[in-house]
Each structure stands twice: as structure tokens, then as C-alpha cells.
Amino acid sequence: AEPNFYGPDGMIVLDPGARSPTLDVFSTNFTGLKVKLYAVTPADYDAYAEFLRTRGTRRPKPVPGKKVFDQVVRPGGKADELTETHIDLEPALRNHLGHVIALVEPTPWTQRWEPPQLVTWVQSTRLAVDAAVDNTDLYAWVNRLADGAPVSGAALSIMPWGVQGKSGDDGTAKLALADVNKRGSGLLIARAGDDSAFVPDGYGW
């Protein structure tokens with residue numbers, strides 16, 4: 001079988017019911033996966049966007065955050081068989097919670113061109129956050145990712161404007177939109193204790 005490699009790319013949220021926080025990738029006929037993990041926060045999102053924008057250019061921006069893992073992971077599996085590898089994200093998390101940028105590529109790579117590389121922002125959280133907007137307000141909804149129950153008292157902020165609020169007993173909040181332009185990605189961030197989750201404006205609001 002031809003060597004093969006694929007997995008999730010972009011932004012993903014882990015299943016809170018999973019035994020352990022892992023990024024699951026698939027490969028065939030590769031003996032290793034080069035894995036780099038960076039511990040990040042929602043405040044690193046703009047730098048992450050710049051890193052993505054400048055990949056492959058002469059002046060690429062660095063990956064934001066703190067590098068906490070840089071090793072070759074062995075997939076195991078048999079020759080010519082598709083193998084699933086569970087990459088442990090715990091080195092970049094605290095109590096299974098947090099945000100991780102994962103860079104994964106297969107090795108050894110013998111072709112002249114660059115190897116395929118997955119770049120994934122992983123949210124490991126118990127929170128789900130959603131938003132809708134009209135001309136003047138943002139309507140936020142925070143609930144438990146595991147069962148959909150509303151989360152009251154979650155601290156909400158709309159970045160980069162710094163508009164803040166809290167979710168009510170039903171998990172919702174109405175936040176007035178700022179009428180000034182600011183540089184940076186639009187993010188709705190929800191925080192409850194040491195947990196946080198966010199949704200960028202490009203993902204549906």
C-alpha cells in the first residue's frame with residue numbers, strides 16, 4: 001500500500017467524555033510521527049492566525065505559546081495497514097483542560113517536496129459556547145459540552161473590544177457590540193473556573 005497520512009486540521013474541540021485528551025491521526029507505512037505540542041490560550045489566537053498566514057513563505061511567523069513536547073511518536077501497527085495513533089495532549093494541559101496547537105507530520109519522508117503537516121488548534125474543555133449577532137448585540141449561550149445543561153455565571157468577553165458579561169441561569173447573555181474598529185480576530189470567550197472555550201467570528205457569528 002502507498003504511504004498515507006491524515007487527521008484533523010484547523011480547529012477542533014475534544015469529546016469531554018473521552019478517557020484521556022488525545023489527538024487521533026491515521027497513517028499507513030510510516031514508522032514515525034514528528035509531534036510538536038504548544039500550550040496556548042485564546043489570547044494567542046491572532047499570533048496563530050499569523051503563523052498560518054505566513055507558513056511556506058520566506059519569513060514565517062513562529063508558532064505561539066510554549067513548546068512542551070517535541071518528539072517522534074511511533075504509530076506501531078502492521079505494514080500496509082491503516083493505523084490510528086492517539087497523541088497524548090496532556091503535556092500541554094492542566095487537569096485535562098486547556099488549549100493546544102499540535103503540529104504533526106510523518107517520518108521518514110523521502111520525497112523532494114515537504115511532508116504533509118497537520119496544524120490543529122485543540123480545545124480541551126467542558127464548556128460549549130455559541131453566539132449569534134444582530135446589528136447592535138451579541139447573544140451568547142454557554143452550556144456543558146457533555147450534556148447540554150446551561151452554565152450560569154460564566155465570564156464572557158468579546159475580543160478584541162474587551163466587552164464583558166456573564167451568563168444567566170439559562171446559560172445565555174446579551175452583550176452590546178462595540179461600535180469602533182479594532183485590529184485583531186473577533187472572539188467570544190467563555191470562562192468558568194480554570195476552564196475556557198471560545199468561538200471565532202469566522203466560525204458562525
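Helices and strands are runs assigned by DSSP, a strand needing at least two residues, and they are numbered from the N terminus. The structure described here is a predicted model.

Thr-85 counts as buried because its relative accessibility is 5%. Leaving out residues up to four places away in sequence, Thr-85 touches Leu-23, Asp-24, Val-25, Leu-33, Val-73 and Pro-75.

Strand S6 belongs to an open sheet of 3 strands, in which the order is S1-S3-S6 and the pairing is antiparallel. Strand S1 (4–6) and S6 stand at the edges with a single partner strand each, so one side of each has no neighbour in the sheet. On average, and with direction ignored, neighbouring strands of this sheet are turned by 25° against each other. Strand S3, which spans residues 22–28, runs antiparallel to S6 and is joined to S6 by 6 bridges. One of the residue pairs is formed by Phe-26 and its bridge partner in S6, Glu-84.

## The sheet S12-S11-S14-S15

Another open sheet has 4 strands in the order S12-S11-S14-S15, again described by antiparallel pairing. Its edge strands are S12 and S15, each of which pairs on one side only. Neighbouring strands of this sheet are turned by 20° against each other on average, direction ignored.

Strand S11 covers residues 155–159 and strand S12 covers residues 163–166; the two pair in the antiparallel sense over 4 bridges. Leu-156 stands opposite Gly-165 in S12. S11 and S12 form a hairpin with 3 residues between them, and Gly-162 in the turn has a positive phi of about 80°.

S11 also runs antiparallel to strand S14 (residues 187–192), to which S11 is joined by 5 bridges. Within this pairing, Ala-155 stands opposite Arg-191 in S14, and Met-159 has Leu-187 as its bridge partner in S14.

## Helix H1

Which residues of helix H1 are buried? In this helix, which spans residues 45–54, the buried residues are Tyr-45, Tyr-48, Phe-51 and Thr-54. The elements that cover these buried residues include strand S2 (10–13), S7, strand S8 (118–124), S14 and S15. Just after H1, Gly-56 takes a positive phi of about 80°.

Gln-71 has its place in strand S5 (residues 66–73). With 47% relative accessibility, Gln-71 counts as partly exposed. Gln-71 and Lys-36 are 35 residues apart along the chain, and their C-alpha atoms are separated by 6.8 Å. With neighbours within four places in sequence left aside, Gln-71 is in contact with Leu-33, Lys-34 and Val-35.

Asn-143 lies in strand S10, which spans residues 137–144. Its relative accessible area is 10%, and Asn-143 is therefore buried. Beyond its neighbours within four places in sequence, Asn-143 is in contact with Arg-126, Leu-127, Ala-128, Gly-148, Ala-149, Pro-150 and Val-151.

## Pockets

| Pocket | Volume | Lining by class |
|---|---|---|
| Largest pocket | about 350 Å³ | 6 nonpolar, 5 polar and 4 charged residues |
| Second largest pocket | about 190 Å³ | 5 nonpolar, 5 polar and 3 charged residues |

The largest pocket, with about 350 Å³ of space, is lined by 15 residues, of which Val-40, Thr-41, Leu-97, Gly-98 and Asp-194 are the closest to its centre. Strand S4 (32–40), strand S7 (98–107) and strand S15 (195–200) are the elements that give two or more residues to this lining.

Terms used: Residues are numbered from 1 along each chain as its sequence is written. This is a predicted model: local features need pLDDT of at least 70, side-chain atom pairs count only at pLDDT 80 or more; totals for chains, interfaces and linings use all residues. Side-chain values use heavy atoms; hydrogens and water are left out. Buried means under 20% relative accessible area, exposed over 50%, partly exposed in between (1.4 Å probe, protein chains only). Contact means heavy atoms within 4.5 Å. On a 1 Å grid over the protein atoms alone, a cavity is a set of points where a 1.4 Å probe fits but cannot get out, and a pocket is an open set with protein on both sides within 12 Å along at least five of seven lines; lining residues have an atom within 4 Å of a point. Grid points are joined across faces, edges and corners, and a volume is the space filled by probe spheres set on the points. Ala, Val, Leu, Ile, Met, Phe, Trp, Tyr, Cys and Pro count as nonpolar, Asp, Glu, Lys and Arg as charged, and the others, Gly among them, as polar. Two strands pair if DSSP finds at least two bridges between them. Axes are lines fitted to C-alpha atoms, for helices over the stretch in contact, and angles run from 0 to 180 degrees between N-to-C directions.
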